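Subject: Structure handover

Hello,

Here is the structure I promised to pass on. Please open it alongside this email and follow along.

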Amino acid sequence: MSKFCCKCGKTDAEGQIIDGFCLECYKDEFPLIKSLPAKQLVLTQCKICGDFMYHGKWRGTHEDRKETIQEIIDEFFSKAKKVKNCKKVLVADFDEPLPEEAGKQTIRIVFEGSPKEEVPPYQQEVALEMVVNIGVCDRCAKLARGYFESIIQIRSEKRIIKEEEQLKISELIQEKKAEMADGNKMAYISKVVDKAKGGIDLFIGSEEFAKSLAKYLTEKLAASIEYSTKLKTMKDGKPIYQSTYCVRIPYFEIGDVVRYQSKAYQIVGINYGRVELLNLKTREHKTLSLKESHPSFLKVLKKKDQFQRFIIVAIQGAYISVMNAVSYESMDVNRQVITPEHKEGEEILMVELPEGLFEVQDL
Ligand SMILES: [Zn+2]
Ligand SMILES: [Zn+2]
């Protein structure tokens, strides 16, 4: 006796019949996903930081925000009623929610599996509607109310922080922030440039991040650091402390002439907090250790704006005659103190020190 599908009438001559259904009808009759935990996948997106909230919980967002949505989709389907052992095999490409904008889109997800051993695995596509609402996460709300755990004060010795230094500091903050992008969004920073004090104040949501950023800035800027803490308030009977890191940028800068171990050097670079020196007498280069790249080892002899322009008048053997480009005063200097490639008539930059005149680089 031939079997036939009770739904479409197909006979077993045309294909396998299982429990009274052909495979085509079996799929429809016994879907892999029986019911969803909700009609739609509803998320809230923080309009400030872009994090997502699902099921009343804000979660840390990956740099690729779509990855976070994928995780939320998995969580959503983990609560669905479904055939045991059926697997998600494909999530069709979807659009990353626009920041600061609510939106809705349908995401196609394909599952594969089989409820019974004798039934060959089949696929089912689910069209899941994802709704993205707009809100503000707890952390951003806190920060908006002026909550912070730590302040980094960036100051410099006896001078204001220059614009190019401010840019450099902003870059360093971005670098460190990118490193911490994952878990620690409390790292949120608001920056205040205090024109009167000539410094920068950073208000930071996370003590841990403040500590690591302060250390990073100190290293990169050849700065020194001081730490202090004070009781800010009491919360539920517990003391809340606020820490302050004072990062002091040294008086010396690239280009300045300094005394190091009783010799005169020009600072030709500061890399990863290590000062690179040029010996003005021997023209030899030297890179200091992190420890020695510090004001206690380097005394500023002349700032770079105190250098003067000279014209090479004559080169005679071991001596060179130079003339001050402003006062026209002439003098003879040792040939060694300028770089050998110079010719008569050229203008060079020089620094006047107790031990004589030396050529310096225009940095
Ligand atoms: Zn059928
Ligand atoms: Zn937020």
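Below is what I found, going from the whole chain down to single residues.

**Whole chain**

Please keep in mind that this is a predicted model. The chain has five helices and 25 strands. Its radius of gyration is 35 Å. The globule rule gives 21 Å for 363 residues, so the chain is more spread out than a compact globule. Along the principal axes, the C-alpha atoms fill a box of roughly 120 × 60 × 30 Å. Of the 363 residues, 23% are buried. I also looked at contacts between residues at least 6 apart in sequence. Of these, 52% join residues at least 24 apart.

**Domains**

The chain is divided into three parts: domain 1 (31-137), domain 2 (148-249) and domain 3 (257-359). The centres of domain 2 and domain 3 are 35 Å apart, taken over C-alpha atoms. Six residues from domain 2 and eight residues from domain 3 make the contact. On the domain 2 side, the touching residues are two nonpolar, one polar and three charged.

**Helix 5**

Helix 5 covers residues 207-220.

Ala222 follows helix 5. Its phi is positive, near 55°. Ala222 comes up again below, with His294.

**Helix 2**

Helix 2 runs over residues 65-78. It has 14 residues, which should span 20 Å at 1.5 Å a residue. The end C-alpha atoms of helix 2 are 20 Å apart, which agrees.

Which residues of helix 2 are buried? They are Thr68, Ile69 and Phe76. These cover an arc of only 100° around the axis, so they sit on the same side of helix 2. Glu67, Asp74 and Ser78 lie on the other side and are exposed. The buried residues of helix 2 pack against strand 4 (40-46), strand 5 (52-54) and strand 6 (57-59).

**Two loop residues with positive phi**

Asn85 is not a glycine, yet its phi is positive, about 70°. Asn85 sits in the loop between strand 7 (81-82) and strand 8 (87-91). Is Asn85 buried or exposed? Asn85 has 11 C-beta neighbours inside 10 Å, so it counts as exposed.

Tyr328 also is not a glycine, and its phi is positive at about 60°. Look for Tyr328 in the loop between strand 22 (319-324) and strand 23 (330-334). Tyr328 is exposed, because 8 other C-beta atoms lie within 10 Å.

**His294**

His294 lies in the loop between strand 19 (285-287) and strand 20 (299-302). With 17 other C-beta atoms within 10 Å, His294 is partly exposed. Which residues does His294 contact, leaving aside its neighbours within four places in sequence? The partners are Ala222 and Ser224. His294 and Ile173 are 121 residues apart in sequence. In space, they are 22 Å apart, C-alpha to C-alpha.

**Val268**

Val268 belongs to strand 17 (residues 263-271). Val268 has 17 C-beta neighbours inside 10 Å, so it counts as partly exposed. Not counting residues up to four places away in sequence, Val268 touches Ile254, Glu276, Leu277, Leu278, Gln361 and Leu363. Val268 and Arg248 are 20 residues apart in sequence. Their C-alpha atoms are 20 Å apart in space.

Best wishes

Notes:
Residues numbered from 1 in each chain as written. Chains lettered and ligands numbered in written order. Predicted model: local features only at pLDDT ≥ 70, side-chain atom pairs only at ≥ 80, totals over all residues. Domains from an automatic or database assignment. Contact = placed C-beta atoms within 7 Å. Nonpolar A, V, L, I, M, F, W, Y, C, P; charged D, E, K, R; others polar. Helix = DSSP H or I, 4+ residues; strand = E, 2+ residues; numbered from the N terminus. Expected span 1.5 Å × (residues − 1). Buried ≥ 20, exposed ≤ 12 C-beta atoms within 10 Å, placed from the backbone. Arc of directions from axis to C-beta. Rg over C-alpha atoms; globule rule 2.2 N^0.38 Å.
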